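Please keep the structure in view while reading.

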2 protein chains.
Amino acid sequence: MSEKIRVALDAMGGDLAPAAPVEGAVIAVKENKDLTVVLVGKEDTIKAELSKYDYPKDQIEIVNATEVIVTGEPPVKSIQEKKDSSLVVAMKKVRAGEADALVTAGNTGSVLVGGQTIVRREKGVSRAPIGTAVPTEKGVALIVDAGANVDAKPENLVQFAIMGSVYMEKALKINSPKVGLLNVGAEEEKGNALTKEVYQLLKKRKDINFIGNIEGNEISKGKADVIVCDAFAGNILLKMYEGVSKTFLKLIKETFMSSFKSKIGALLVKGSLKETLKVFDVEKYGGAPLLGLSALVVKAHGNSKAPAFATAIKQCISFKEAKINEIIREKINMTEE
Amino acid sequence: MSEKIRVALDAMGGDLAPAAPVEGAVIAVKENKDLTVVLVGKEDTIKAELSKYDYPKDQIEIVNATEVIVTGEPPVKSIQEKKDSSLVVAMKKVRAGEADALVTAGNTGSVLVGGQTIVRREKGVSRAPIGTAVPTEKGVALIVDAGANVDAKPENLVQFAIMGSVYMEKALKINSPKVGLLNVGAEEEKGNALTKEVYQLLKKRKDINFIGNIEGNEISKGKADVIVCDAFAGNILLKMYEGVSKTFLKLIKETFMSSFKSKIGALLVKGSLKETLKVFDVEKYGGAPLLGLSALVVKAHGNSKAPAFATAIKQCISFKEAKINEIIREKINMTEE
């Protein structure tokens, strides 16, 4: 049914590399016969990992790259100097059209810089944002921009709204996704200089389902499917989400262990609680897409395990099948008229 | 021991007014013989409420005000037009020196506007921020600015750091409070144009314990005692905190009720869990202080009950006893040399 697709995978990126990405590639190719995964990284290491599995040999290729960009390296320097790193080599493959998309769990800063400078932006896109899924009571919402552009301009945010909207509609199959502008109040006149201007611009757009401002406490209720903000607000929001969730879980665990009575109680609720907390597992939605680049780049979480890599690879397939980049290009360039 | 203090209380502000503020005043005066509470609002209504209690009559005064500012009223308009509202009259009492401080659970926007225009800023203070306490694993942290100035300048944030620091040290008795700048990364060069500049200014200050940037996920760990940010970031942070906490509690409750087994388990853990969740009750720290005004204005939560009002009133006593405004004035004006 589907067309052939080639996904480059940074085999050296992430805390569990190369084992987790390699195993993820194996899982993905077994499930999709039209998929080829191009594993980029140290050839010997990758071969050793691959030898552990039985898989369709013609669906996995290896491209050698001798260097690795590690956590905490200065982004610009890492991309400029480590020309033979798995990330840079993989990005060049994508840029050259030898792969349709890229999945990496590498250093976020380097992925962002490489995305802009090697994969490059789609024509008409002024800034490429990163979209990160957060759990809500109703499912999931996409924060755009979650980390790329801290000093964004109003017109950048309008593009984030369009791209996020296309992504949620086409990749996550949400019909007419509701777009909310992250702000400090519900009313149109609320906010800082940036959001006040963005509000007026979004209101005029016919091609998105703009529902107005959304406040921090409304996100987890699932009021909007796409949350538009600059990366400063987006980053603070996401990290707060993560921090509060962790603190909560920690306190609950401590509570359960605090007495004999509560330990017994904990045994009884454990099953249902595990089920509930699955809501907070957003890995099923894949990694965070960098939107507006010439090809899809998916940033998987640094501690991704094999199934998360497989999901991110499958995410690239739906992205391509749904022609998300073509639609983004068309909509963005209509904007510029 | 302590000196006489007069606290004005907006008897008509908040969801549970006038019952809750009036009862709060009664609780507070019974505990502090040097305290006089000036209840401002509709005289008849207040008298009717007061008649329910037995209390030292000479410690509660009533000042009549015929109007009430309600939730959702446009802040500037409400302050300009409702000259005989409980909030405006109470603020004028403070400005005239007839009360040392003000507690109100009224409309936040109106409180901020009235604070700036009626109570007015302390000499040298360029913007008056609102400080809101958030729970952490170690106790509590103060977010300044949590809601007053959405487009703040670098020098405003430096003053927020100084004022927040004095407040945490003197009112909450935290020795040499750690001041963190809310940002998107740990490194000095991270952030947007505003935070990069603020970082350099805070680094130079000898009179605060600046520990560098703090990220959203580090707040609930208790890494800093004072979190400095503009009100846009502060508001998003706070509302997110509130939203995620609520979603968590809701899901946990649903889990407990999901099966017979989990219901039994819930009964066993309930006691300990209640104890744990007390961590998230920040009302014990009082209301949110507006800092940098000529007198302390405490914004109590809209749904405050009587004990919360009593705590906020006591907060005014410690604020005055610790001479927080005098110290702020001195430190801020040293800045300006």
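The text below begins with the interface and then turns to individual residues.

The model shown here is predicted. The size of an interface is often given as the accessible area lost when the parts come together. For chain B and chain A, that buried area is about 4,600 Å², of which 74% falls on carbon and sulfur atoms. On the side of chain B, F232(B), M240(B) and F248(B) together account for 15% of the area that this chain buries against chain A, which is more than any other three residues supply. Counted by residue, the contact draws 50 residues from chain B and 50 residues from chain A.

Polar and charged pairs also cross this interface: there are 16 residue pairs in polar contact, both residues being at pLDDT 80 or more, and the rule finds four salt bridges between chain B and chain A. K250(B) and E137(A) form a salt bridge in which the closest N and O atoms are 2.6 Å apart. Three helices of chain B, namely α7 (193–204), α8 (231–256) and α9 (260–277), each supply at least two residues of the side that touches chain A. Among the contributors to that side, α8(B) gives the most, with 21 residues.

Within chain B, is Q315(B) buried or exposed? Q315(B) has a relative accessible area of 7%, which is under the 20% limit, and therefore the residue counts as buried. Q315(B) is placed in helix α10, which spans residues 306–321 of chain B. Its side chain makes a polar contact with the side chain of Y167(B) at 2.6 Å, and the side chain of Q315(B) also reaches the backbone nitrogen of G287(B) at 2.8 Å. Once neighbours within four places in sequence are set aside, the residues in contact with Q315(B) are Y167(B), Y285(B), G286(B), G287(B), P289(B), L296(B) and V298(B).

Over all chains, a search of the whole structure finds 38 salt bridges.

In chain A, salt bridges with shared partners join E3(A), D100(A) and K320(A) into one network.

F260(A), I264(A) and L267(A) form a nonpolar patch on the surface, and their accessible area together is about 340 Å². Of these residues, F260(A) lies in helix α9 of chain A, which covers residues 260–277. F260(A) counts as exposed because its relative accessibility is 65%, a value that lies over the 50% limit.

Terms used
Residues are numbered from 1 along each chain as its sequence is written. Chains are lettered from A and ligands numbered from 1 in the order in which they are written. This is a predicted model: local features need pLDDT of at least 70, side-chain atom pairs count only at pLDDT 80 or more; totals for chains, interfaces and linings use all residues. Side-chain values use heavy atoms; hydrogens and water are left out. Patches are made of residues with over 30% relative accessible area and no salt bridge: like charges are joined within 9 Å, nonpolar side chains (Val, Leu, Ile, Met, Phe, Trp, Tyr) within 5 Å. Accessible areas come from the Shrake-Rupley method with a 1.4 Å probe; for residues, only the protein chains shown count as cover. A salt bridge is a side-chain nitrogen of Lys or Arg within 4 Å of a carboxyl oxygen of Asp or Glu. Helices (H or I, at least four residues) and strands (E, at least two) are DSSP runs, numbered from the N terminus. Buried means under 20% relative accessible area, exposed over 50%, partly exposed in between (1.4 Å probe, protein chains only). Contact means heavy atoms within 4.5 Å. Buried area is the accessible area (1.4 Å probe) that two parts lose on being put together, summed over both. A polar contact is a pair of N or O atoms within 3.5 Å; within protein, one must be able to donate a hydrogen and the other to accept it, and residues adjacent in sequence count only if both atoms are side-chain atoms.
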